Amino acid sequence: MTTALLSEVPAGADDLSIWPASTTRLPGGGPAVGGVSLAEVAERFGTPVYVLDEGEVRGRCRTYRDAFPEAEVLYAAKAFLSRAMVRWVMEEGLGLDVCSAGELELAVTAGFPPERIVLHGNAKSPRDLAAALRLGVGRIVIDSPSEIARIAAAVGPGSRQRVMVRVVPGVSAGGHDKIRTGTDDQKFGLSLTDGGAQHAIARILGQPRLELTGLHCHIGSQISDVKPYLVALRRMVGLMARIRDAHGIALPELDMGGGHGVAYRPGEPALDLPALGRRMRADLIAGCAAAGLSVPRLLIEPGRAVVGPAGVVVYRVLAVKHTGQKVFVAVDGGMSDNPRPALYGVRYAPRLVGRSSAAGPRTATVVGRHCEAGDVLAAGVELPGDVRPGDLLAVPVAGAYQLSMASGYNLVGRPAVVAVHGGAARVLVRRETLEDFRSRDIGA
């Protein structure tokens, strides 16, 4: 699909600042992303539909390579994964971190080198570990003491598996309580304060089939401030020094996780990646020099910051309802394709696309079609006062943790994912259909 762009007007930074960099206005029907009209995507592929800008994904991968030139950058697959995403990440020189055998096997069957993959998970299943060892993943991040013996016992004779230890550094950061993972009151990792991490490290070093390559920590998600990362980094370097003193080894790797915040609405803060790269590198060098350590290789794991701003979801309005002082705009998707507002209270900035409107703004609440009062996609947003059934609403910053967390609630079916690039559009992931539900239901 192609769209003539001769009469386009560049999008204003104040208006479409959180949209993909390729976004432009089309007279009477804008915006277009990747050279493709969103209204045309909706007409051709149906709604709801996720639109993913390939150029934006690739550009953000390159931004990370530039900001962390000496680090190993691993894309966090849990944010969004498809075979095309695997290829883009691989071609841009990033590694991959996965959380399940499903993510791992999809990546490897799509051609991703398993030695550039890291396996995470607080409760890895036997299938997860078997797949990791069979396929030869680069590292497994140990998250609990019980995994040490399980992994060691599963490694074949004469082989060694490279592992890391996930450490809880005691740093609280993140955009919501449910995505803060750097403190002892949640399920991930081994505590620095109670000695759990140190005990696990000693046990791993006693396992001849395990090779401890380094430490890992992840303090939370949607973090827009550099400071918490630097606090965590200093604590991790301190632990590495204590390991050197206790065991006589200098670990060669330090993985500081991800959680880099992005703006979901104009004016919201986002993490300054070049500043983070500079400060982390400088503090790592200084901290290691003070402790007499050789500088380990830094690893980071961005997910949302790579794919989130590259995605836009397009819905069709099904109903507009005035209830008291409130206006509800109901669309043909909802919490089955984006549970994040219900889980975390996330706020988005939807806008009318497909037609121009001269009507003044009106405060409305955009809701989904599901049988839940909590199925709210965007509360208290400004939309044109003449918004009506049949209109299209587009929501930017929709590439991460929406489709990857989608469900089969009400058997509505998960939307398609359409890639746009250079004026062309193609389906990456087809829409889920009633036949998909029927084929899985084998009882009668």
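Helix α4 gives the largest share of the lining of the second largest pocket, three residues. Before I continue with that pocket, a word on the basis of this talk. The model is a predicted one, in which local features need pLDDT of at least 70 and side-chain atom pairs count only at pLDDT 80 or more, while totals for chains, interfaces and linings use all residues. Residues are numbered from 1 along each chain as its sequence is written, and side-chain values use heavy atoms, with hydrogens and water left out.

The second largest pocket holds about 550 Å³ of space. It is lined by 21 residues, of which Phe80, Leu81, Leu403, Ser404 and Arg414 are the closest to its centre. Two or more lining residues come from each of α4 (101-109) and β22 (424-429). By class, the lining comprises 11 nonpolar, four polar and six charged residues. Here Ala, Val, Leu, Ile, Met, Phe, Trp, Tyr, Cys and Pro count as nonpolar, Asp, Glu, Lys and Arg as charged, and the others, Gly among them, as polar. A pocket, on a 1 Å grid over the protein atoms alone, is an open set of points where a 1.4 Å probe fits, with protein on both sides within 12 Å along at least five of seven lines; lining residues have an atom within 4 Å of a point. The volume is the space filled by probe spheres set on the points, which are joined across faces, edges and corners.

I turn now to strand β5. Helices (H or I, at least four residues) and strands (E, at least two) are DSSP runs, numbered from the N terminus. In β5, residues 49-53, five of five residues are buried, that is, under 20% relative accessible area with a 1.4 Å probe, protein chains only. Val49, Val51 and Asp53 point one way, and Tyr50 and Leu52 the other. In a regular strand, side chains alternate between the two faces of the sheet.

Which strands pair with β5? Pairing requires at least two DSSP bridges. With β15 (residues 311-323), β5 pairs in the antiparallel sense over four bridges, and Val49 stands opposite Val314. With β21 (residues 416-421), β5 runs parallel, joined by five bridges; Leu52 has Ala419 as its bridge partner there.

Finally, the cysteines. The whole structure contains zero disulfides, a disulfide being a pair of cysteine sulfur atoms within 2.5 Å. Cys61 is buried, at 0% relative accessible area, and Cys288 is buried at 0%.

Notes
Buried means under 20% relative accessible area, exposed over 50%, partly exposed in between (1.4 Å probe, protein chains only).
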